[in-house]
Amino acid sequence: GLAGGGGSCGEVEYGLETRKGDGMGGRTSYNNNYLGERQFWPIWQELKRRKAVVYTHPLLSACCRNPFEWLLPSAIEFSTDTTRTIASMLFTGTVNRCQDIRWIRSHSGGTMPCLLSRFTRQETVMQDKAKLVLPDGVLAEVKRFYYDTAQAHHEGAMAALRALIPTSQIMFGSDFPFRKSEDARIGLGQRSFTSAEREAIARGNALRIRPALRTD
């Protein structure tokens, strides 16, 4: 896990050096702590030094319990928590300080693609501070992320994501065992990708950032 200081840095070394892992995974938040907060900076510095791949996945955040007992928390809160942690990492300068980390955002970035104008508005409100934490701007940083397609392969999600980023940043994801991989395969099959783009999403983009997976 990513929560905790020195212990987590030790786990990074163990996972990537001893166990020869391809990357690290963690939650979008731990209690009410989001990943741009200072307590996580030593972990990101260690992962930056190793030019690691880092994947984050949401769970139900401590800040915002689902108000509807009849609605699955994953229906709204999970994607929203992904957006919260993206904002946390952008506006604290965490992403800018860790350019060598390859970040994978689950569920096509949650609700972030639909809220980008609010992010750019925040950048304007921050004025000179934004130039320090986001010298290249919000959109440039968003375009550097990678995004999986789990539970967000329908037309609305894909159209919003593709309006912001190139296909080179999209990676196949299924959310198994919560959803079948076939769901994502069928959903993506209904989108207007070229054959080359489909190959990149299914395999090529992952191999580019995780060369240990190559078999050729």
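Predicted model: local features only at pLDDT ≥ 70, side-chain atom pairs only at ≥ 80, totals over all residues.
User: What secondary structure does the protein have, and why is it called as compact as a globular protein of its length?

Analyst: The protein has ten helices and seven strands. Its radius of gyration is 17 Å, close to the 17 Å that the globule rule gives for 216 residues, so the protein is as compact as a globular protein of that length. Along the principal axes, the C-alpha trace spans about 40 × 40 × 40 Å.

User: Which residues have the most contacts inside the largest nonpolar core?

Analyst: The general idea comes first. In soluble globular proteins, nonpolar side chains tend to be buried together. Here the largest nonpolar core has 40 residues. Trp-44, Leu-47, Leu-90, Trp-103 and Phe-119 have the most contacts inside it.

User: Which helix gives the most to this core?

Analyst: Helix 3 does, with five residues. Helix 3 covers 77–91. Other elements giving two or more residues include helix 1 (6–18), helix 2 (41–49) and helix 5 (116–126).

User: What is Leu-90 in contact with, beyond its neighbours within four places in sequence?

Analyst: Leu-90 is in contact with Val-95, Phe-119, Val-133, Leu-134, Val-138, Glu-141, Val-142 and Phe-145.

User: What share of the residues counts as buried?

Analyst: Of the 216 residues, 44% count as buried.

Notes:
Residues numbered from 1 in each chain as written. Heavy atoms only, no water. Helix = DSSP H or I, 4+ residues; strand = E, 2+ residues; numbered from the N terminus. Rg over C-alpha atoms; globule rule 2.2 N^0.38 Å. Buried < 20%, exposed > 50% of the residue type's maximum accessible area, 1.4 Å probe, protein only. Core = buried A, V, L, I, M, F, W, Y, C linked by side-chain atoms within 4.5 Å. Contact = heavy atoms within 4.5 Å.
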